[in-house]
Amino acid sequence: MTGVFNPAQLTEAIAVKNVRAGLQFSYYERNKIINCDSTHNHQLINSGIINEIKLPENCRDENFLLKYEGYIKIEKPEVFIFFTLSDDGAVLEIDDKRIV
């Protein structure tokens, strides 16, 4: 497996209030997934708050889309490496910027 390393510019921290623990997930299904860029024309099947990234129960083997949203608490300035692992495609955005 090979990958591409794209160093990003450091960004300023964003102050947020009233943050709940966990990640918001949304699970969508469609007869055929075209790409990862949009949930448009996908049927929302399940959503909620989870404490870890994993496939939801009763998840299809194919033709589904998972969307996770949340915040990362970073205590001190550091360099982080973000990656995804998928057999069909994945997108990772931070602050509305595509990272992976």
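**A predicted all-strand model: salt bridges, patches and strand contacts**

Let me start with a pair of side chains: K73 and E75 meet in a salt bridge, 3.7 Å from N to O. By salt bridge I mean a side-chain nitrogen of Lys or Arg within 4 Å of a carboxyl oxygen of Asp or Glu. Both K73 and E75 are exposed, where exposed stands for over 50% relative accessible area, buried for under 20%, and partly exposed for what lies in between, with a 1.4 Å probe and protein chains only.

A word on what we are looking at. This is a predicted model, in which local features need pLDDT of at least 70 and side-chain atom pairs count only at pLDDT 80 or more, while totals for chains, interfaces and linings use all residues. Residues are numbered from 1 along each chain as its sequence is written, and side-chain values use heavy atoms, with hydrogens and water left out.

Now, the overall picture. The protein has five strands and zero helices, so the order from the N terminus is simply β-β-β-β-β, with helices (H or I, at least four residues) and strands (E, at least two) taken as DSSP runs numbered from the N terminus. Of its 100 residues, 12% count as buried. The protein exposes about 9400 Å², and 49% of that comes from carbon and sulfur atoms; these areas are from the Shrake-Rupley method with a 1.4 Å probe, and for residues only the protein chains shown count as cover.

Back to the salt bridges. The whole structure holds four of them. Another one joins E52 and K54, at 3.9 Å from N to O, and E52 is partly exposed because its relative accessibility is 48%. Then there is K97 with D95, where the closest N and O atoms are 3.9 Å apart. K97 counts as partly exposed because it has 46% relative accessibility, and D95 does too, at 48%.

Next, the strands. What does S26 touch, once its neighbours within four places in sequence are set aside? S26 is in contact with L44, N46, S47, L65, L66 and K67, contact being heavy atoms within 4.5 Å. S26 sits in strand β1, residues 23-29, and it is buried because its relative accessible area is 9%. Not counting residues up to four places away in sequence, L44 touches S26, Y27 and Y28. The C-alpha atoms of L44 and E29 are 6.7 Å apart, though 15 residues separate the two along the chain. For the whole protein, among contacts between residues at least 6 apart in sequence, 55% join residues at least 24 apart.

Finally, the surface patches. They are made of residues with over 30% relative accessible area and no salt bridge, with like charges joined within 9 Å and nonpolar side chains (Val, Leu, Ile, Met, Phe, Trp, Tyr) within 5 Å. Which residues form the nonpolar patch? They are I72, I74, F80, F82, I99 and V100, with about 500 Å² of accessible area together. V100 lies in the segment after β5 (97-98) and counts as partly exposed because its relative accessibility is 31%.

There is also a negative patch, formed by D61, E62, D87 and D88. Asp and Glu count as negative and Lys and Arg as positive, with His and the chain ends not counted; each charge is placed at NZ of Lys, CZ of Arg, CG of Asp or CD of Glu. D88 is in the loop between β3 (64-69) and β4 (93-94), and counts as exposed because its relative accessibility is 62%.
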